[in-house]
Amino acid sequence: MNLVIKPMETGEEMDGKGYVHYKSWHETYEGLVDPGYLEGITLEKCIETARRWPDNILVAKDGERVAGFAAYGAYRDETLPGCGEVFALYVLKEYHGRGVGYGLMDAAAKRLSGYEQIALWVLRGNEQAVRFYERYGFRFDGTQAQLMLGAPAVELRMVCQRQE
């Protein structure tokens with residue numbers, strides 16, 4: 001594997017990010033979200049989203065193939081002042097356990113270095129992601145939100161304090 005992590009720039013990278021988003025949702029959330037909602041997550045919609053919002057996206061490339069991506073920025077609301085957020089972190093299943101997720105998280109954290117802490121949201125029941133985030137230093141802060149993903153689903157907030 002020849003892994004490079006870089007900002008998403010080209011149309012090919014946007015299409016690759018869209019594919020990873022689509023494929024990861026279907027690999028990760030089957031059994032966690034309503035099947036009808038999951039059917040609505042199409043490759044075309046994910047590519048369209050990637051092309052519409054190209055900023056603050058990092059892609060992990062294995063050669064020319066996009067194997068994962070991370071989206072990051074300032075936290076979305078005022079409940080956590082001085083906080084950055086990882087909005088999304090997805091890696092194709094075949095790349096799990098190969099350091100791609102850690103590489104993306106490290107690169108996103110570096111770009112969020114001006115913040116005292118970093119937050120993210122994880123879907124309840126996504127135990128593999130929870131274990132990954134906990135190994136990285138994230139902890140649940142007790143905050144949760146209800147989403148409608150075809151049926152009610154719960155997201156849990158995790159926060160990582162910056163190391164001095």
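**Terms and model**

I begin with burial: a residue is buried under 20% relative accessible area, exposed over 50% and partly exposed in between, with a 1.4 Å probe and protein chains only. I am working on a predicted model, where local features need pLDDT of at least 70, side-chain atom pairs count only at pLDDT 80 or more, and totals for chains, interfaces and linings use all residues. I number residues from 1 along each chain as its sequence is written, and side-chain values use heavy atoms, with hydrogens and water left out.

**Entry 1: cysteines**

I looked for disulfides, taking one as a pair of cysteine sulfur atoms within 2.5 Å. A disulfide is a covalent bond between the sulfur atoms of two cysteines. I found zero disulfides in the structure. Cysteine 83 is in none, and its nearest cysteine sulfur, that of cysteine 160, lies 9.8 Å away. Is cysteine 83 buried or exposed? I noted cysteine 83 as buried, because its relative accessibility is 2%. Cysteine 160 is in no disulfide either, and the nearest cysteine sulfur to it is that of cysteine 83, at 9.8 Å.

**Entry 2: H1 and H3**

I used DSSP runs for the elements: helices are H or I runs of at least four residues, strands are E runs of at least two, and both are numbered from the N terminus. I then took helix H1 (residues 11–28) with helix H3 (residues 43–52). At what angle do H1 and H3 pack? The angle is about 135°, and the axes are 8 Å apart. Axes here are lines fitted to C-alpha atoms, for helices over the stretch in contact, and angles run from 0 to 180 degrees between N-to-C directions. H1 is therefore oblique to H3. For that word I kept the cut-offs: under 35 degrees is roughly parallel, over 145 roughly antiparallel, 65 to 115 roughly perpendicular, and the rest oblique.

I recorded the crossing of H1 past H3 as right-handed. A crossing is right-handed if the near helix is turned clockwise from the far one by less than a right angle, and left-handed if anticlockwise.

I next listed contacts, meaning heavy atoms within 4.5 Å. On the H1 side, the residues include Met14, Lys17, Tyr19 and His21, and on the H3 side they include Leu43, Cys46 and Arg51. The residues of this contact of H1 with H3 comprise seven nonpolar, three polar and three charged. In this sorting Ala, Val, Leu, Ile, Met, Phe, Trp, Tyr, Cys and Pro are nonpolar, Asp, Glu, Lys and Arg are charged, and the others, Gly among them, are polar.

I found histidine 21 in helix H1. Histidine 21 counts as buried because its relative accessibility is 18%. Leaving out residues up to four places away in sequence, histidine 21 touches Cys46, Phe69 and Tyr90. I also checked histidine 21 against lysine 6: they are 15 residues apart in sequence and 17 Å apart in space, C-alpha to C-alpha.

Serine 24 is in helix H1 too. I have serine 24 as buried, with a relative accessible area of 1%. With residues up to four places away not counted, serine 24 touches Tyr29, Tyr90, Val91 and Leu92.

Leucine 92 is buried, with a relative accessible area of 1%. Beyond its neighbours within four places in sequence, leucine 92 is in contact with residues including Tyr19, Val20, Ser24 and Arg65. The C-alpha atoms of leucine 92 and glycine 68 are 6.1 Å apart, although 24 residues separate the two along the chain.

**Entry 3: H4 and H5**

I compared helix H4 (residues 100–111) with helix H5 (residues 127–136), which pack at about 50° with axes 11 Å apart. H4 is therefore oblique to H5.

**Entry 4: asparagine 56**

I looked up asparagine 56, in the loop between H3 and strand S2 (57–62). Its phi is near 55°, a positive value in a residue other than glycine. Most residues other than glycine have a negative phi. Asparagine 56 is partly exposed, because its relative accessibility is 40%.
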